[in-house]
Amino acid sequence: MSEVSDRSELPRRQLLGHAVRAAATAGALQMFGSRAAVASPKPDGVRAATLTVDVHHHMLPDFFFRETNEASNPVGGIKPPAWSKELMLSFMDEAEIDAAVMSISTPGVHVGDDRRARALARRCNELAATLIQANPNRLAGFACLPLPDVDGALEELRYALDELKLDGVVVFSNARGIYLGDERFAPLFEELERRRAVVFIHPTMSPDPTAHKLGLPDSLIDFVADTTRAIAQMHYGNRFARTPNVKYIIAHAGGTIPYLAGRFRIVDEMNVIPGAEARGTAADTFRRLYWDTALSWRDPVLDMLRATVGLDRVLFGSDFPYIRRDLAVAGVGDLRRTAALDEAEYKAVLGGNALQLFPRLAARQR
């Protein structure tokens with residue numbers, strides 16, 4: 001099967017989803033108030049703000065950043081501004097973001113000690129739950145897990161979802177050099193499948209030291225490459241095939257996945273990797289995943305996503321606070337202005353698609 005969807009199928013696929021999204025968006029008009037108005041062009045070409053849900057939105061408390069990043073050499077190479085809940089909410093107001101799903105960022109909570117990683121994960125997750133309780137109309141949260149400590153991850157998953165009532169989990173492309181498709185992580189993914197969980201896959205730095213010797217920030221090239229490695233391994237190792245009920249969100253429009261979709265198709269057609277009967281094609285897998293727009297909101301990327309996965313699988317993400325605030329606000333404006341999205345697609349990408357993954361977020365507004 002080609003990596004590019006048959007365009008004759010797109011209207012039918014979109015119509016199937018539009019009815020559900022229209023109902024969700026109509027409800028959101030009441031839930032979120034005037035900001036979730038029906039989109040219509042303004043004189044400057046920017047559509048009226050619609051329901052906007054940010055699924056790639058980082059929570060970076062000082063205690064997390066101090067324990068996991070060197071101030072002079074932050075993971076990824078770009079140091080974000082000091083984070084606070086007030087800064088987070090003021091950014092959401094300025095960008096007209098109605099709700100955000102918070103997550104910690106690179107490198108996760110594990111920097112070499114299981115005990116410390118478990119304690120840090122617990123502290124981050126309890127803070128997220130506290131913020132949500134104080135702002136139930138605006139915030140949701142992905143739980144962090146102390147991978148590669150699988151036993152600790154399973155215990156924290158139970159606590160975070162069953163007791164703290166967080167909305168899913170964030171995992172990183174690799175955990176101290178172990179990629180997500182590795183069989184050592186199978187017990188965790190079996191539990192995520194049992195729970196039909198929402199799982200946000202975020203990049204982190206490659207364990208290969210040669211990848212960091214170019215004099216470039218890892219966030220420029222290495223992060224998107226590591227996302228691609230993780231997704232390819234999860235597909236060809238049949239991790240996705242064994243977890244069909246997990247709802248995966250892939251950061252940054254999948255790294256380089258949309259651009260490389262043709263190469264995946266060729267590998268599939270050549271049948272060079274065992275297990276194809278169980279997993280199906282990469283093209284089929286990609287259409288079951290979700291993809292966010294963080295640092296990936298420009299028209300060429302939207303066009304590639306439409307062709308490879310369908311815009312009913314695309315979610316808005318800001319990457320706050322790593323992207324400079326004015327650029328993040330401008331990026332939301334670009335999405336509200338672009339001619340690459342029709343009205344239904346615009347409402348779906350900005351928020352309608354996310355409501356299908358986070359029904360509790362919508363229910364809290366009633």
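This is a predicted model: local features need pLDDT of at least 70, side-chain atom pairs count only at pLDDT 80 or more; totals for chains, interfaces and linings use all residues.
**Notebook: helix pairs and a nonpolar patch**

I started with α5 (residues 150-163) and α6 (residues 186-195), which pack at an angle of about 20 degrees with their axes 9 Å apart. Axes here are lines fitted to C-alpha atoms, for helices over the stretch in contact, with angles from 0 to 180 degrees between N-to-C directions. So α5 and α6 are roughly parallel to each other (angles under 35 degrees count as that).

Residues are numbered from 1 along each chain as its sequence is written, and side-chain values use heavy atoms, leaving out hydrogens and water.

Next I looked up who meets whom, contact meaning heavy atoms within 4.5 Å. On the α5 side I found Leu154, Leu157 and Leu161 among the residues involved, and on the α6 side Leu188 and Leu192 are included.

Then I checked α7 against α9 (residues 257-270): their axes come within 12 Å and cross at roughly 30 degrees. That makes this pair roughly parallel too. In α7, Thr228, Ile231, Ala232, His235 and Tyr236 meet Ile257, Leu260, Phe264, Val267 and Asp268 of α9.

Last, the surface. I found a nonpolar patch of about 400 Å² made by Leu214, Leu216, Leu220 and Ile221 (residues with over 30% relative accessible area and no salt bridge, nonpolar side chains joined within 5 Å; areas by Shrake-Rupley with a 1.4 Å probe; a salt bridge is a Lys or Arg side-chain nitrogen within 4 Å of an Asp or Glu carboxyl oxygen). I placed Leu220 in the loop between β7 (198-202) and α7 (222-236).

Definitions and conventions:
Patches are made of residues with over 30% relative accessible area and no salt bridge: like charges are joined within 9 Å, nonpolar side chains (Val, Leu, Ile, Met, Phe, Trp, Tyr) within 5 Å. Helices (H or I, at least four residues) and strands (E, at least two) are DSSP runs, numbered from the N terminus. Angles under 35 degrees count as roughly parallel, over 145 as roughly antiparallel, 65 to 115 as roughly perpendicular and the rest as oblique.
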